[in-house]
Amino acid sequence: NPSKELVQKLKQCRQANEVLRLLDEHELHVNVFVVTTAVGKLRRFGKPREALKLFERSKIRGIALNTFAYNAAISACGRDWERAMELFDELQRRGLEPNVVTYSALIS
């Protein structure tokens, strides 16, 4: 499964530019699992803006994002509490259920 392989490669990335390069090279294999992994990695590498851009592009591309993807995006908001709340509201409007990780991301 190419998407599963891409997730494994993303997990091994040591820099944000590696994540972005892999996403560009394997654009056809991007799914919700790839997005969630990449958003989390970009956030951990100190690139929250890129993480949120990827999340927004994924919505535009029609990728069916789940609670885990929203959790990663909410975490990427950092101190931008308003943006985090917008994503939380959007998650609920889409009929997704917040979980303990969602609430943890909102208060951290």
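This is a predicted model: local features need pLDDT of at least 70, side-chain atom pairs count only at pLDDT 80 or more; totals for chains, interfaces and linings use all residues.
Residues are numbered from 1 along each chain as its sequence is written, and side-chain values use heavy atoms, with hydrogens and water left out.

So what lines this largest pocket? You'll find Leu20, Leu23, Asp24, Glu27, Val30, Glu50, Lys53, Leu54, Arg57, Ser58 and Arg61 there. Two or more of the lining residues come from each of helix H2 (16-25) and helix H4 (48-60), and H4 gives the largest share, 5 residues. (Helices are DSSP runs of H or I, at least four residues, numbered from the N terminus.) The space in the pocket is about 200 Å³. A pocket is an open set of points on a 1 Å grid over the protein atoms alone where a 1.4 Å probe fits, with protein on both sides within 12 Å along at least five of seven lines; lining residues have an atom within 4 Å of a point. The volume is the space filled by probe spheres set on the points.

Now for the helix pairs. H2 packs against helix H3 (residues 32-44) at an angle of about 155°, with the axes 9 Å apart. Axes are lines fitted to C-alpha atoms over the stretch in contact, and angles run from 0 to 180 degrees between N-to-C directions. That makes H2 roughly antiparallel to H3 (angles over 145 degrees count that way). From H2, Ala16, Val19, Leu20 and Leu23 make the contact with Val34, Ala38, Lys41 and Leu42 of H3, where contact means heavy atoms within 4.5 Å. By class, this contact has 7 nonpolar, no polar and 1 charged residues.

Next, H4 meets H5 at about 145°, with their axes 9 Å apart. Pro48, Ala51, Leu52, Phe55 and Lys59 in H4 touch Ala69, Tyr70, Ala73 and Ala76 in H5. That contact divides into 8 nonpolar, no polar and 1 charged.

Finally, the axes of helix H5 (residues 67-76) and helix H6 (residues 81-93) come within 9 Å and cross at roughly 170°, so these two are roughly antiparallel to each other. Thr67, Tyr70, Ala73 and Ile74 of H5 face Ala84, Leu87, Phe88, Glu90 and Leu91 of H6 in the contact.

Notes. Angles under 35 degrees count as roughly parallel, over 145 as roughly antiparallel, 65 to 115 as roughly perpendicular and the rest as oblique. Ala, Val, Leu, Ile, Met, Phe, Trp, Tyr, Cys and Pro count as nonpolar, Asp, Glu, Lys and Arg as charged, and the others, Gly among them, as polar.
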